[in-house]
Amino acid sequence: MVSCLSHKCTLKALLFLKKQFIRKKLVESAKESIKLKARNIEIYNKMQTVFVEIDSSPITTSVVKELKDLQEAVMKVEDRKENTNGKFDPEEHIDANLPVRVNEQRVSNLLQSMLLAASL
């Protein structure tokens, strides 16, 4: 049972690190685009490209759905509906809208179940 908990903790730590890595790359990409005075749609498109490059999922059509919240956040800012100064804040908006990977949660749950069954 101890090894089961250890594997679960390790998997969660890896998933957390992957999410932090993706977040870091998206923030870097957004800040670079902002320095180049890109429009918000260009900022979002660059972040989407970075996300697809990092993503290990073979299905890219789901990426568009997963990033829908982030896209909406970027576009609301451009329309000056959400942020008082009308600028996209990468730190704030990416943290709030980075998608949670359901597949990774399912793998984690599956691994946990298999390890639990193996320990019994």
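K25 and E28 sit three residues apart in helix α1, so about one helical turn separates them. They form a salt bridge (a side-chain nitrogen of Lys or Arg within 4 Å of a carboxyl oxygen of Asp or Glu), with their closest N and O atoms 3.7 Å apart. Keep in mind that this is a predicted model, where local features need pLDDT of at least 70 and side-chain atom pairs count only at pLDDT 80 or more, while totals for chains, interfaces and linings use all residues. Residues are numbered from 1 along each chain as its sequence is written, and side-chain values use heavy atoms, leaving out hydrogens and water.

**Salt bridges**
- The count comes to four salt bridges.
- R23 and D95 pair up through their side chains at 2.3 Å, N to O. R23 is in helix α1 (residues 2-35) and D95 in helix α5, so this pair ties together parts that are 72 residues apart in sequence.
- E91 and K31 make another salt bridge, at 3.1 Å, N to O. This one links distant parts of the chain, with E91 in helix α5 and K31 in helix α1, 60 residues apart.
- R23, K31, E91 and D95 are linked in a network of salt bridges.

**Buried or out in the open**
- Here, buried means under 20% relative accessible area, exposed means over 50%, and partly exposed is in between (1.4 Å probe, protein chains only).
- K25 is partly exposed at 30%, and so is E28 at 37%.
- E91 comes out partly exposed at 32%, as does K31 at 40%.
- Across the 120 residues of the chain, 31% are buried.

**Overall layout**
- The chain has six helices and zero strands; both are DSSP runs numbered from the N terminus (helices are H or I, at least four residues; strands are E, at least two).
- Taking contact to mean heavy atoms within 4.5 Å, 69% of the contacts between residues at least 6 apart in sequence join residues at least 24 apart.

**A loop residue**
- D89 lies in the loop between α4 (68-78) and α5 (90-97), and is partly exposed at 30%.
- The C-alpha atoms of D89 and I34 are 9.5 Å apart, although the two residues are 55 apart along the chain.

**Confidence**
- pLDDT is the predictor's confidence in each residue, from 0 to 100. The chain averages 75, and 65% of the residues score at least 70.
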